[in-house]
Amino acid sequence: MNKEIRTRIAPSPTGRMHIGTVRAALFNYLYAKQKQGQMVVRIEDTDAARDREEYVPDLINQFRDLGFEFEGPYRQSERGEIYKEHLQIMLENGTAYEAEDSEHVEGAKVIRLKNPNKVVTFNDMVRGEISIDSTDFGDFVLARSIDNALYHFAVVVDDADMNISHVIRGEDHITSTPRQILIYEALGKEIPVFGHMPMMLGEDGKKLSKRHGAVSVAEFLEQGYLKEAILNYLAFQGWNPGGEREIYSVEELVDVFDMLRVKPSPAQFNYDKLDDINRHYMLELSEDEYKSKTEVFLSESLRDKFGEHPDLASRFVESVLRDRVDKFSDIQSMEEAGEMNYLFEAPLIDQELMSFKEESFDDAKRLLTQVVKKLSALDDWKPESIKETLWDWSGEVGRGSVLHPMRTVLTGRAQSPDPFTVAYVLGKDETIKRLTLV
RNA sequence: GGCCCUAUCGUCUAAUGGCUAGGACACAUGCCUCUCACGCAUGAAAUCGGGGUUCGACUCCCCGUAGGGUCACCA
């Protein structure tokens, strides 16, 4: 019979959840889920000096919000007794011994492993056979004292106790795997299968850090990336299903995921690619979802205006924002760049800006008078019908001579959406009013 | 430095001994257009180097080189 597949993700509460942790969790989750197994979450908080209690809820809530189902969370800080029992086993069977502590504090003893000094070999799911001589790390310390287990020991005891069948983690743990195998052997526990996924680097190939931009999931979320996009992107860092399709939901990934296709080489983070995938998911958002997420990124005053003019806001979101936004924080940048100023306030007339090429202000004025006349007769106020009304005629008199002044009068900007869209967004009355003002 | 891992377009990657080395992002050009964005089309762009093995190597082996990881009484 097949043993149940159990994986685990074991973060330390030393900061907000790192995007790399999310990726590790995702791979563990996909693997377990696909095999009808279970992923357990364990908080590794045995380092009182660096751990901060305040990060624990963030870690757990983040996993939940991202949609991972898991067992736990367990906390190492609550498992001292179990470590103690196992330490005793090793002390008794001679695989560990007490030794003088390095600070030579009176009466203090640390517990060290009695290293068999041999070549340890294991079969890594992504890299194949790896052999390392354990002599390299000597009789390393397992615990500061019988009541104070250290990382490597706690991890092994926990993984064994929680029946973890597959340890999927970052490549930075490769060289510590033999140490842990030694502990499994000393304890007489079954050794799990290891799989070391490649590191995720920053865009310059260096370790992903603050200076590359966002590094915690929270930051990505705050920038307006959708969690579906983040997860989809992360799945493709170091893995892919082999085809040319790149958009997969987590549910779909569960079906196609394959640990054996995980690449051994490190991947560099690429914000442009993330943006592209995010845009894809944003396009799938309903009008209401899109609009309410948009409002979060608006200034208070503009948000109020949106509230006062819900129809105009909806038209703007659907016909302007949809095409121009990769992530919701782009909306913030757009507002700051003044790209939304024209929505609720007519821009000042700028004769120079209004003039198309070498044409005069009076030419423009004369043409706009005709635009007003044509549009006034239009009842079906849609971008397509507005365009239809002006298209052929403007072609005859010079398209730029008509559209350029029209657009600049409406928006006050050298660059903006096309005049048909803008007119539609502003509404018939406001459009006519602005065009007449000239 | 010792040990370990890795190496295909700028980036993410496909091709698990057999095609003109494929796709996506980014980039460039063109089309759409008064501008910007979207969209569409086209293009440029890679097997780190050297030896083997083989009828045949991106693919397997060895040596270099480069990058990364790890060497705690941190996790």
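Which element supplies the largest share of the surface near RNA strand B? In this predicted model, that share comes from helix α17, with five residues.

RNA strand B is surrounded by 58 residues. Glu44, Ser102, Ser265, Arg399 and Asp418 are the closest of these. By class, the surface near RNA strand B comprises 24 charged, 17 polar and 17 nonpolar residues. Several elements each contribute at least two residues to this surface: the strands β7 (128–133), β8 (141–145) and β13 (267–268), and the helices α9 (271–283), α12 (310–324) and α17.

Helix α17, which spans residues 399–411, packs against helix α16 (residues 383–397) with the two axes 6 Å apart and at an angle of about 120 degrees. The two helices are therefore oblique to each other. On the α16 side, the contact involves Leu390, Ser394, Gly395 and Val397, while α17 contributes Arg399, Ser401, Val402 and Leu403. Four nonpolar residues, three polar residues and one charged residue make up this contact of α16 with α17.

Asp363, Ala364, Leu367, Leu368 and Val371 of α15 meet Ser401, Val402, Pro405, Met406 and Val409 of α17. The contact of α15 with α17 contains eight nonpolar residues, one polar residue and one charged residue.

Chain A is divided into four domains: domain 1 (6–70 + 199–273), domain 2 (79–197), domain 3 (285–343) and domain 4 (351–437). The centres of domain 2 and domain 4, taken over C-alpha atoms, are separated by 75 Å.

Two open sheets illustrate opposite senses of pairing. In general, the strands of a sheet pair through backbone hydrogen bonds, in either a parallel or an antiparallel sense. One open sheet has three strands in the order β1-β2-β3, paired in parallel. Strands β1 (6–9) and β3 (71–75) lie at the edges and have a single partner strand each, so one side of each lacks a neighbour in the sheet. From one strand to the next, the twist averages 25 degrees. Three bridges connect β3 with strand β2 (residues 38–43) in the parallel sense, and Ile43 is placed opposite Arg75 in β3. Helix α1 (residues 19–34) packs on this sheet and touches β1 and β2, its direction making about 165 degrees with that of β1.

The other open sheet consists of four strands in the order β4-β5-β8-β9, with antiparallel pairing. Its edge strands, β4 (96–100) and β9 (148–149), each pair on one side only. Strand β5 (residues 109–113) and β8 run antiparallel and are joined by two bridges; Arg112 stands opposite Val141 in β8. Helix α3 (residues 80–92) lies across β4, β5, β8 and β9 and runs at about 95 degrees to β4. Strand β8 of this sheet is also one of the elements that supply at least two residues of the surface near RNA strand B.

Notes. Residues are numbered from 1 along each chain as its sequence is written. Chains are lettered from A and ligands numbered from 1 in the order in which they are written. This is a predicted model: local features need pLDDT of at least 70, side-chain atom pairs count only at pLDDT 80 or more; totals for chains, interfaces and linings use all residues. Axes are lines fitted to C-alpha atoms, for helices over the stretch in contact, and angles run from 0 to 180 degrees between N-to-C directions. Angles under 35 degrees count as roughly parallel, over 145 as roughly antiparallel, 65 to 115 as roughly perpendicular and the rest as oblique. Two residues are in contact if their C-beta atoms, placed from the backbone, lie within 7 Å. Ala, Val, Leu, Ile, Met, Phe, Trp, Tyr, Cys and Pro count as nonpolar, Asp, Glu, Lys and Arg as charged, and the others, Gly among them, as polar. A residue is near a molecule or strand if its C-beta atom, placed from the backbone, lies within 6 Å of it. Domain bounds come from an automatic or database domain assignment. Two strands pair if DSSP finds at least two bridges between them.
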